Amino acid sequence: SIPLSFFGGIGGASKSGVLVKGSNYLEILANTEIVVFDKTGTLTKGSFAVTELRTEGVSKDQLLEIAAYAEDYSNHPISQSIKKAYNKVIDSSRIQDVQEIAGHGVHAIIDGQSVFAGNTKLMEREGITIPYTSDVGTLIYIAVNNKYWGHIVIEDEIKPDAAEAITSLKSCGVRQTIMLTGDSDAVGQKVASKLGLDHAYTELLPADKVERVERLLSGKNDKTSLAFVGDGINDAPVLARADVGIAMGGLGSDAAIEAADVVLMTDEPSKIATVIKIARKTLRIAH
Ligand code: ADP
Ligand code: MG
């Protein structure tokens, strides 16, 4: 039978805005040794703002318009920011086809033209040479009918409690804090060093994230646990694979919330240390 104090632990977590989906997760949380984070929407706000446009042979308006049309069907935070910057009604009869390419970007047929919008990986795959890279923000490159049109710079913000989240995990005995991201190495390493994370793996595809977590799982002591924290549709497989999957409840995708064992109702990463401390206290009482 489950000790009564376990219910107290779940109740205490819930008062702190953390939903724990079962008493067994308290024990797993109490033994957390490694915490792996997704970047966008987890450690950063995931609300990008367009800060710059750079074009080649077309106007800035043309670039923003074709990008907004290509992104029309996507729900990715990047797509939202581009449509917000465009800020005009999209005539969907001009969009003949659309395809989202995980970890890369999108491909769409707009007015009969083939449009790619995404990262360096996508451009490399399509054989399009890109003239610029940057660590200031995330760059979204646009190519139309195989011709480079330019790029859009978008910038995200680190969550106000993200640095504190890492320090409090360290002070409650978590040995390793790791970030996984599909974003560029320049942006990923910058965020990781600002937050004092132990390690960052960047430019990962959704399948690479699963592989990385599996490797960390097989390398660790069986008595300790690995927690993964994420928010996106692509994070669901990793959330399910980790000893304990933690999702953002506010802005997180339904798929992530469903696949998770623990949900942070307020989207604050600092609540992870809070719930680990509650779990440890609960177990001491229960034992
Ligand atoms: P993260 O690991 O940071 O949550 P994702 O796996 O969702 O990131 O995306 C990784 C990268 O793929 C993004 O940084 C971006 O370069 C590209 N990308 C993904 N979706 C889109 C999109 N809808 N439009 C443009 N680029 C995208
Ligand atoms: Mg994400």
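**Exercise 1.** How far apart do the C-alpha centres of domain 1 and domain 2 lie?

*Solution.* The model is predicted: local features need pLDDT of at least 70, side-chain atom pairs count only at pLDDT 80 or more, and totals for chains, interfaces and linings use all residues. Residues are numbered from 1 along each chain as its sequence is written, and chains are lettered from A and ligands numbered from 1 in the order in which they are written.

Step 1. The protein chain divides into domain 1 (4–45 + 158–286) and domain 2 (49–155), with bounds from an automatic or database domain assignment.
Step 2. Their C-alpha centres are 31 Å apart.

**Exercise 2.** Describe the contact between the domains.

*Solution.* Step 1. Twelve residues of domain 1 are in contact with nine residues of domain 2 (C-beta atoms, placed from the backbone, within 7 Å).
Step 1. On the domain 1 side, helix α7 (residues 185–195) gives the most, three residues; helices are DSSP runs of H or I, at least four residues, and strands runs of E, at least two, numbered from the N terminus.

Conventions
Contact = placed C-beta atoms within 7 Å.
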